[in-house]
Amino acid sequence: MSIVFYIVAALAVGGALAAVLLKNTVHCALALTIAFAGIALLFLQLDAQFAGFAQILVYIGAVAILVVFAILLTRGSETPKDGVYGRKWPLGLVIAAAVFSDLAWAVLQSARVLPHEAISAPTVTVLQIGNALIGRYVLPLEIIALLLTAALIGAVIVAMHEKEAGK
Amino acid sequence: MTPLMSYLLVAALLFAIGLAGALTRRNAILVLIGIELMLNAANLNLIAFWRYGPHPESLTGMMFAIFSIAVAAAEAAVGLGLVISIHRHARTTDLDAINRMKG
Amino acid sequence: MQDAISSTPQLASSSITQILWLIPAVPILASGVIALLKQPKRKSAATLAIGSLSFSLLLSLVAFGHVLSSWSQHASTARETANFTWIQFASTNVDLGWVLDPLSAVMLVMVAFVGLLIFIYSTGYMAHDENFMRFFCFLSLFAGAMLGVVIANSMLLLFMCWEIVGLTSYLLIGFWYQKPSAAAAAKKAFLTTRVGDVFFLLGIVWLFAQTGTLLFYNHGAGSMESSALGGLLIHPAAFGLTAAGAIGLMIFAGAAGKSGQLPLHVWLPDAMEGPTPVSALIHAATMVAAGVYLIARVYPLMHAGALLSGSTTSLTVVTWVGASTAVFAALIAVAQNDIKRILAYSTISQLGYMMAGLGMGGVAVGMFHLITHAFFKALLFMGAGSVIHGSHEEQDIRRMGGLRTAMPATFLTYAIGMLALCGFPLLFSGFWSKDGILEAAQHWSVARAPFYMLVFGALLTAFYMTRQVAYIFFGHSRTEKHAHESSRVMTVPLAILAFFAIALGIIGTPAWPWFRAFLDGHSVSFDLSGFSEPGLMMLMATSSVVVLCGLALGWWLYGRAAPAPEQPDVLERAVPIPWSWMRDRFYIDELYGATVIAFYYWWARVADWLDRRIWGGAVTLVAWAFRQWARFNRFFDTDWVDGSFDKGCEELATGGGLLSRVQSGRVQTYLRLLALAVVVLVGLLIWSSRA
């Protein structure tokens with residue numbers, strides 16, 4: 001594995017760790033952005049350029065901003081009195097560790113069956129992706145459209161101010 | 001250690017970190033952040049398998065990842081809307097305090 | 001002579017026989033109506049009772065006339081019956097019916113006539129009593145039942161009416177039940193006659209089982225007719241008796257109870273606690289005569305198997321019991337001081353005479369004395385009632401005296417009755433009837449002792465009656481209270497009875513033995529040569545002398561100088577010990593008290609102990625066991641079942657409480673659980689696919 005991989009991987013993992021461990025919520029959101037960037041770079045390394053840029057566009061450009069907005073709207077920047085970690089947080093840690101060990105073990109165990117040698121990098125053009133979207137994956141495309149519409153409306157409704165009195 | 005395996009391990013690590021964050025942090029928004037990390041880890045897994053699996057020209061993995069990104073975005077929007085709504089109601093985003101659904 | 005009764009032909013029943021049942025039915029119906037009348041309607045009650053009995057008397061006279069005419073036509077006794085089946089079992093029938101023959105005809109007329117006179121007398125005697133209605137109700141019931149006994153052709157009907165007679169006797173003896181002595185006397189009467197009735201019932205059942213029929217006369221198939229009697233004679237019973245003899249003795253036991261014969265006589269003197277009309281009707285004239293009538297009715301049975309002039313075992317027993325009773329009671333009567341008690345013992349004694357007459361001389365001899373005795377004993381009792389009434393309810397003869405001038409009508413009639421009872425020669429019916437018995441006793445083949453006993457009894461009878469009359473009517477008054485004559489409603493019946501006490505003698509003289517001929521069913525004519533039978537004149541002379549001796553002795557001791565009330569009796573001074581025996585009734589009551597009654601009380605105590613300790617203990621034990629079982633069940637239910645159930649529910653609640661903690665309401669907890677579950681499942685998956 002090349003050195004680039006390790007740097008990028010470190011970036012991603014570091015950002016993730018920071019996102020989870022930092023006290024200030026805004027710092028967490030920003031660290032999340034860095035994690036997203038790292039993952040986008042990992043996509044690019046895997047010759048999935050479209051996916052990488054889509055990642056940057058959507059995640060960093062929309063989701064991260066959304067998270068920041070949410071933090072700002074819920075006064076998340078204030079540090080809570082009892083600390084940032086919930087009750088019984090070691091349990092959560094243990095479970096996460098168990099999950100990681102499970103997955104790692106699975107990966108390591110399957111060394112035999114995984115393909116060894118890298119296949120040559122595929123060339124993926126946007127045309128191909130477009131064709132695939134309209135052709136083979138037209139149904140998921142439409143459904144995603146519906147889903148996005150529904151999410152849009154739903155989010156608006158959920159977060160809307162209630163009009164009744166007493167609020 | 002094939003390349004694939006290293007990517008998979010990174011993805012596993014990211015997943016575990018995201019899970020840890022979702023399970024341990026008090027703020028509801030940070031739970032959502034953890035969930036986004038988990039989703040990203042899954043996307044990484046998909047792209048890695050696409051790249052090193054058979055038939056990468058059929059674009060299956062990439063499509064899957066792209067749709068996953070779309071869904072994740074929608075889900076983040078709705079989820080954060082919910083958090084804002086709950087904050088409006090309970091004046092807090094502390095998950096330990098929100099136990100109205102207690103059985 | 002005696003056989004004639006069982007072998008007389010039976011005619012088809014005429015219309016009078018068909019309606020014969022009305023004779024007892026109407027007074028019973030009147031009794032029912034009186035019972036339902038609302039108080040107080042004395043006139044209606046008396047009218048109903050007297051009216052119903054008059055109706056019965058009328059019918060009885062018609063029936064008597066019918067029998068009389070058929071007797072005078074055929075010069076033989078005709079018997080008519082009307083029978084019907086009451087209940088039918090598979091092969092046996094329970095029959096009822098009534099019979100009209102000379103025996104029942106004369107008895108019907110006597111009972112109805114004497115009863116009617118006493119009813120009329122009672123309206124005067126009981127005029128001041130507040131239970132007038134109840135008295136006439138019971139009296140009417142009694143009259144109906146007695147008439148039922150007379151006409152019964154079925155043993156069952158006879159027994160039913162017999163029992164009703166006993167019941168009304170109990171009710172009437174205890175009429176003034178507020179008096180403890182009256183209530184006790186009623187109970188004693190009932191129980192003592194019950195003892196006899198038990199044997200009677202056994203005899204009835206045995207007779208029914210042996211002969212298959214309850215009817216006396218049934219065109220040859222009845223139990224008093226030859227074929228049935230022949231069958232009874234063949235069957236042997238215990239102690240060398242035949243079935244006929246044994247049954248006869250058992251039936252006699254019932255008659256002995258009702259008629260106050262020797263071991264069962266104890267109730268009759270105590271029965272004087274009842275009102276005097278009751279004593280007159282029931283305990284002098286009719287009910288006590290029912291026993292004698294019963295023996296007369298079943299005479300064919302008693303007499304079955306006798307050789308030509310011999311006797312059977314049953315009749316011998318009857319005779320001995322009768323003769324002993326006659327003497328025994330007469331002895332006791334000598335030493336009594338209550339006016340009614342003297343007459344009661346006299347009744348017992350005369351009943352003994354009747355039984356002896358039946359045993360030795362046959363139906364006609366006994367029945368003639370029964371008829372004459374009914375009249376003069378009723379007369380004497382009613383006269384005693386008049387005396388008691390006039391002396392302001394005084395009953396002790398030592399406190400009476402000189403009533404001859406104060407109550408002349410009563411004295412005259414009483415004297416007539418007393419002379420009839422003593423058997424004063426020639427003029428009075430009692431002489432002829434008693435002579436009939438003495439004549440039969442003289443010719444009795446078994447023994448001569450009864451004859452001497454009966455003669456001695458006649459002496460005693462004359463003696464004690466003279467004593468009584470002397471005390472009551474002669475001398476001067478021993479009290480300060482002035483006596484007064486009774487009203488006409490009481491004295492007129494006395495006069496009528498006195499007339500008959502004299503007149504009835506005519507039908508029994510040897511010159512014209514009408515009564516005997518009527519009952520036995522052969523013709524009769526007035527024939528003075530009847531007097532010339534050998535030994536008859538001698539017997540008449542002997543009995544006259546005996547009676548006159550008794551009268552003279554009584555007059556000499558008591559009539560010349562009226563004894564003072566406080567002084568002891570003349571005889572008591574002379575022979576104190578026998579006097580005390582006689583006065584204390586030979587201690588029979590005490591004997592019974594010490595043996596039978598004491599045994600009964602002991603047995604009652606044993607039964608009570610058994611009941612309380614053993615049966616009661618058993619019941620208590622069972623109850624205790626049940627309570628323990630109930631307690632155990634409750635404990636089981638409360639502690640185990642309930643407890644376990646409660647515990648189970650508690651556990652359930654606790655478990656639920658524990659499980660509900662899963663629903664903490666916190667999202668992160670759910671997430672943790674999810675993640676844990678996934679870890680476990682994936683681990684399993686991998687591990688299982690490793691192989």
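This is a predicted model: local features need pLDDT of at least 70, side-chain atom pairs count only at pLDDT 80 or more; totals for chains, interfaces and linings use all residues.
Trainee: How many residues does the largest nonpolar core have?
Mentor: It has 216 residues. Those with the most contacts inside it include Leu108(C), Met146(C), Ile295(C) and Ala501(C).

Trainee: Take Leu108(C). What does Leu108(C) touch, leaving out residues up to four places away in sequence?
Mentor: Ile23(C), Ser60(C), Ala63(C), Phe64(C), Leu147(C), Val150(C) and Ile151(C).

Trainee: And the second core, which residues does that include?
Mentor: Ile39(A), Ile95(A), Leu19(B) and Ala22(B) are among them. That core is separate and has 85 residues.

Trainee: New topic. How do the axes of α8 and α10 of chain C cross?
Mentor: At roughly 150 degrees, coming within 7 Å. Helix α8 covers residues 180-211 and α10 covers residues 243-258.

Trainee: Roughly parallel or antiparallel, then?
Mentor: Roughly antiparallel, because angles over 145 degrees count as that.

Trainee: Left-handed or right-handed crossing?
Mentor: α8(C) passes α10(C) in a left-handed crossing.

Trainee: Which residues make the contact?
Mentor: From α8(C), they include Phe199(C), Phe200(C), Gly203(C) and Trp206(C). From α10(C), they include Ile247(C), Met250(C), Gly254(C) and Lys258(C).

Trainee: What's the split by class there?
Mentor: The contact of α8(C) with α10(C) has 12 nonpolar, 7 polar and 2 charged residues.

Trainee: Now chains B and C. How many residues does the contact take from each?
Mentor: 10 from chain C and 10 from chain B.

Trainee: Where does the largest share of the chain C side come from?
Mentor: Helix α28(C), residues 667-690, gives 5 residues. By class, the side of chain C that touches chain B has 3 nonpolar, 5 polar and 2 charged residues.

Key
Residues are numbered from 1 along each chain as its sequence is written. Chains are lettered from A and ligands numbered from 1 in the order in which they are written. A nonpolar core is a set of buried Ala, Val, Leu, Ile, Met, Phe, Trp, Tyr and Cys residues joined through C-beta atoms within 7 Å. A residue is buried if 20 or more other C-beta atoms lie within 10 Å of its own, exposed if 12 or fewer, and partly exposed in between; C-beta atoms are placed from the backbone. Two residues are in contact if their C-beta atoms, placed from the backbone, lie within 7 Å. Axes are lines fitted to C-alpha atoms, for helices over the stretch in contact, and angles run from 0 to 180 degrees between N-to-C directions. Helices (H or I, at least four residues) and strands (E, at least two) are DSSP runs, numbered from the N terminus. Angles under 35 degrees count as roughly parallel, over 145 as roughly antiparallel, 65 to 115 as roughly perpendicular and the rest as oblique. A crossing is left-handed if the near helix is turned anticlockwise from the far one by less than a right angle, and right-handed if clockwise. Ala, Val, Leu, Ile, Met, Phe, Trp, Tyr, Cys and Pro count as nonpolar, Asp, Glu, Lys and Arg as charged, and the others, Gly among them, as polar.
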